[in-house]
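Look over the sequence and the model below. Then try each question before reading its answer.

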Amino acid sequence: MSSLSNAAVRDIETVIHPYTNLETFRETGPMILERGEGIYVYDSHGKKYIEGMAGLWCTSLGYNEKELIDAATEQLERLPFTHVFGGKSHERAAELAEKLKAIAPHPASKVLFCGSGSEANDQQVKLVWYYNNARGKPEKKKFISRIRAYHGVTVASASLTGLPANHRDFDLPIEGVLHTDCPHYYRYAEPGETEDEFTTRLAKNLEDLIIKEGPDTVAAFIAEPIMGAGGVIMPPDGYFEKIQAVLQKYDVYFIADEVICGFGRTGNMFGSETFNMKPDSISVAKALSSAYVPIGAVTVGEDMYQAMLDESRKIGTFGHGFTYTAHPLAAAVASKTLDIYQERNIVGHVRSLQPTFEGHVHRLAEHPLVGHVRAKGLIGALELVAHKDSKESFEPGAGIGAKVVAACEKRGLILRPLAGDIIAICPPLIITESQVDDIFKTLEEALDEVTAHARKEGLMK
């Protein structure tokens with residue numbers, strides 16, 4: 001630690017860092033970022049990086065976007081805070097809710113705001129429980145998520161998450177949260193199984209789980225259009241159509257977690273549109289404000305809203321909400337963000353870059369270190385393997401994915417390693433074609449460097 005800067009030492013001694021090996025971190029210290037411009041960020045030494053993950057899948061409009069800064073400044077000067085408890089409100093809350101209702105991929109009646117994607121999915125659990133109590137179905141409370149799903153880190157949303165590190169020693173998941181198959185055909189298809197047979201099997205397994213648990217006890221199914229933190233896993237063709245047929249058969253409420261895929265990432269405003277999903281509700285956050293201010297939201301259909309009215313009549317209040325629900329600063333910035341998506345045709349821009357981005361990803365399937373690739377719009381991933389034909393993974397201790405990311409950072413590109421030596425790529429949506437080229441030129445150089453290391457160490461089969 002003696003070689004670290006004063007700022008790094010202060011950070012180590014005061015800040016807990018999520019998704020970090022806290023012991024190793026005491027020796028390595030943080031990368032301290034000081035400013036950003038467009039798709040670039042600059043560290044405390046002045047080094048420039050392409051932010052190839054848009055922060056955490058979220059800074060969609062890049063850094064130092066003047067219209068968002070102006071919207072924030074104007075709101076701070078006018079009304080920096082008020083709440084929406086007890087019938088009070090402010091203009092920005094209704095304005096943002098109207099805009100979300102207009103673009104939602106299902107008939108939305110109302111919007112319930114919160115501070116993050118984790119809170120949004122936590123709210124989904126509470127609302128579904130509330131809804132089934134109002135419907136006279138108090139036993140219909142179980143949630144089904146998927147293995148390798150990511151839905152957040154609150155007690156309820158972390159339970160929905162299907163990643164071991166989010167459960168282990170936190171005493172999660174809570175009772176009533178179940179997990180069904182992950183739709184990762186590359187990893188989980190049986191020998192000789194076609195994609196159609198794979199998706200049919202997964203839908204059958206879901207139905208069997210519902211029957212085993214009892215249809216009268218299963219309330220909801222939640223799914224990301226693309227499974228982000230679980231590996232940027234794309235659903236095979238026909239997957240959601242088969243899953244939704246099962247949900248409809250057993251009166252299971254369908255929630256689309258659009259926290260990563262929402263607002264243009266996949267080449268449509270929502271991932272639900274890209275993958276022909278017909279949800280009853282969506283959760284949004286991240287790109288809702290281009291991550292400039294924390295905000296999340298849940299859309300509420302008319303049936304759910306009527307149930308909420310019934311409960312409010314019975315109890316005398318809707319007993320839920322946060323101090324920062326529909327915070328005026330966050331709502332103002334989010335409202336301006338949605339305006340920018342429309343005015344600058346961000347979805348059209350993503351579509352125009354889609355062939356270039358996806359082409360680069362698919363070309364890297366030929367690299368000796370890469371076993372599988374996937375991409376849609378401006379999100380993609382490379383799955384690294386020790387042996388391409390057998391799909392054999394590297395030993396976790398080899399840290400191959402982390403080494404690729406470190407080699408990228410050395411060259412001025414920030415990406416993210418996910419479990420299973422998966423390299424995620426998710427740049428700001430304002431990126432240009434030449435900047436996309438820069439990402440993949442750098443990434444390929446990093447892959448070459450780590451391949452040479454892996455061969456030298458005898459790690460590749």
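**The second largest pocket and other local features**

Q: How do the residues of the lining of the second largest pocket divide into nonpolar, polar and charged?
A: A pocket is an open set of points on a 1 Å grid over the protein atoms alone, where a 1.4 Å probe fits and protein lies on both sides within 12 Å along at least five of seven lines; lining residues have an atom within 4 Å of a point. Ala, Val, Leu, Ile, Met, Phe, Trp, Tyr, Cys and Pro count as nonpolar, Asp, Glu, Lys and Arg as charged, and the others, Gly among them, as polar. Sorted this way, the lining of the second largest pocket has 14 nonpolar, seven polar and two charged residues.

Q: What kind of model is this, and how are its residues numbered?
A: This is a predicted model, in which local features need pLDDT of at least 70 and side-chain atom pairs count only at pLDDT 80 or more, while totals for chains, interfaces and linings use all residues. Side-chain values use heavy atoms, with hydrogens and water left out, and along each chain, as its sequence is written, residues are numbered from 1.

Q: Which residues of the lining are the closest to the centre of the second largest pocket?
A: The volume of this pocket is about 590 Å³ (the space filled by probe spheres set on the grid points, which are joined across faces, edges and corners). Of the 23 residues that line the second largest pocket, the closest to its centre are V84, V111, L112, F318 and T325.

Q: Which helices and strands each supply at least two residues of the lining of the second largest pocket?
A: Helices (H or I, at least four residues) and strands (E, at least two) are DSSP runs, numbered from the N terminus. Those that each give at least two residues to the lining of the second largest pocket are α5, β4 and α13 (302–315).

Q: Is S109 buried or exposed?
A: S109 sits in the loop between α5 (91–103) and β4 (110–114). Buried means under 20% relative accessible area, exposed over 50%, and partly exposed in between (1.4 Å probe, protein chains only). Because its relative accessibility is 8%, S109 counts as buried.

Q: Which residue has a side chain joined to that of S109 by a polar contact of 2.6 Å?
A: A polar contact is a pair of N or O atoms within 3.5 Å; within protein, one must be able to donate a hydrogen and the other to accept it, and residues adjacent in sequence count only if both atoms are side-chain atoms. The side chain of S109 has a polar contact of 3.0 Å with that of K110. The polar contact of 2.6 Å is with the side chain of E302.

Q: Which residue of β13 stands opposite I50?
A: Strand β2 (residues 40–43) and strand β3 (residues 48–51) run antiparallel and are joined by three bridges, with Y40 bridged to I50. On the β13 (residues 413–414) side, β3 pairs in the parallel sense over two bridges. There, E51 has I414 as its bridge partner, and I50 stands opposite L413.

Q: What is the omega of the cis peptide bond between L172 and P173?
A: P173 lies in the loop between α8 (164–167) and β6 (177–180). That loop also holds D171, which has a positive phi near 60° and, at 72% relative accessibility, counts as exposed. The bond that joins L172 and P173 is cis, with omega about 5°.

Q: What distance separates the C-alpha atoms of S116 and V284?
A: S116 is in the loop between β4 and α6 (117–134) and is partly exposed, with a relative accessible area of 25%. Leaving aside neighbours within four places in sequence, S116 is in contact (heavy atoms within 4.5 Å) with A285, I295 and G296. Although S116 and V284 are 168 residues apart along the chain, their C-alpha atoms are separated by 8.1 Å.

Definitions and conventions. Two strands pair if DSSP finds at least two bridges between them.
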